[in-house]
Amino acid sequence: MKSVEKECVIEFEERKSKFIGYVKPVGTKEEAERFIASIREKHKDATHNCTAYKVIDNGQEYFKTDDDGEPSGTAGKPMGDIITYMEVTNLAVVATRYFGGIKLGAGGLVRNYAKTAKLAIQEAGIAEYVEKKVYMIDFPYEKIADIEMLIDSMGGEYLDKGFNERVTYKIRTDLNLFETLKNTKSVLVIEL
């Protein structure tokens with residue numbers, strides 16, 4: 001199963017309309033919808049924020065597109081078609097459009113929304129999808145440097161940090177880092 005390697009943004013102009021493409025690897029439908037909501041919030045003033053996502057989570061496939069006010073089938077569907085054509089999954093794509101005053105017509109909309117999705121996916125890079133889960137890790141203060149070095153070198157993502165009697169981190173990572181942390185002395189790892 002393939003997905004995009006990293007979160008990415010591209011931008012281009014077509015007949016005075018500005019298109020901004022956002023793509024992000026996601027592991028759940030909820031994560032995809034949070035990402036889409038964050039881009040819509042960022043570009044509240046945009047003419048359209050059209051979206052597509054495809055996620056396989058615990059064996060269940062979620063595939064959704066949205067034209068966000070563009071004529072039916074001219075924005076979300078072509079973006080979804082690009083996701084299918086490029087054989088990628090576990091990603092969310094948002095195409096933000098600022099209308100430039102010149103109508104593009106149905107064919108122009110289809111071409112440019114598909115182009116936005118394709119450029120964003122290509123820019124992010126396609127790689128084998130690695131499932132990541134969220135874990136809570138609890139450890140003594142003297143282990144901070146070692147634990148952070150492990151997390152950073154193995155591509156873990158920090159979600160939250162807490163400092164009380166012991167250090168508690170909430171991280172998202174793959175199975176390799178989970179196994180390494182689980183086998184580290186005086187470190188407690190809990191899958192959330």
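**Salt bridges up close**

This predicted model has 10 salt bridges, where a salt bridge is a side-chain nitrogen of Lys or Arg within 4 Å of a carboxyl oxygen of Asp or Glu. Because the model is predicted, local features need pLDDT of at least 70 and side-chain atom pairs count only at pLDDT 80 or more, while totals for chains, interfaces and linings use all residues. Residues are numbered from 1 along each chain as its sequence is written, and side-chain values use heavy atoms, with hydrogens and water left out.

**View A. Lys-18 meets Glu-11 in a salt bridge.** The N to O distance here is 3.5 Å. Lys-18 is partly exposed at 32% relative accessibility, whereas Glu-11 is exposed at 53%. (Buried means under 20% relative accessible area, exposed over 50%, and partly exposed in between, using a 1.4 Å probe and protein chains only.)

**View B. Lys-77 pairs up with Asp-81.** Their side chains sit 3.0 Å apart, N to O. Both belong to helix H2 (residues 76–85), and since they are 4 residues apart, about one helical turn separates them. (Helices are DSSP runs of H or I with at least four residues, strands are E runs of at least two, and both are numbered from the N terminus.) Lys-77 is partly exposed at 47%, and Asp-81 is partly exposed at 40%.

**View C. Glu-148 and Lys-161 form a salt bridge.** Look for an N to O distance of 3.2 Å. Glu-148 lies in helix H4 (residues 144–153) and Lys-161 in strand E9 (residues 157–163), so this pair ties together parts 13 residues apart in sequence. Glu-148 is partly exposed at 22%, and so is Lys-161 at 39%.

**View D. Glu-31, Glu-157 and Arg-172 make one network.** Salt bridges with shared partners join these residues.
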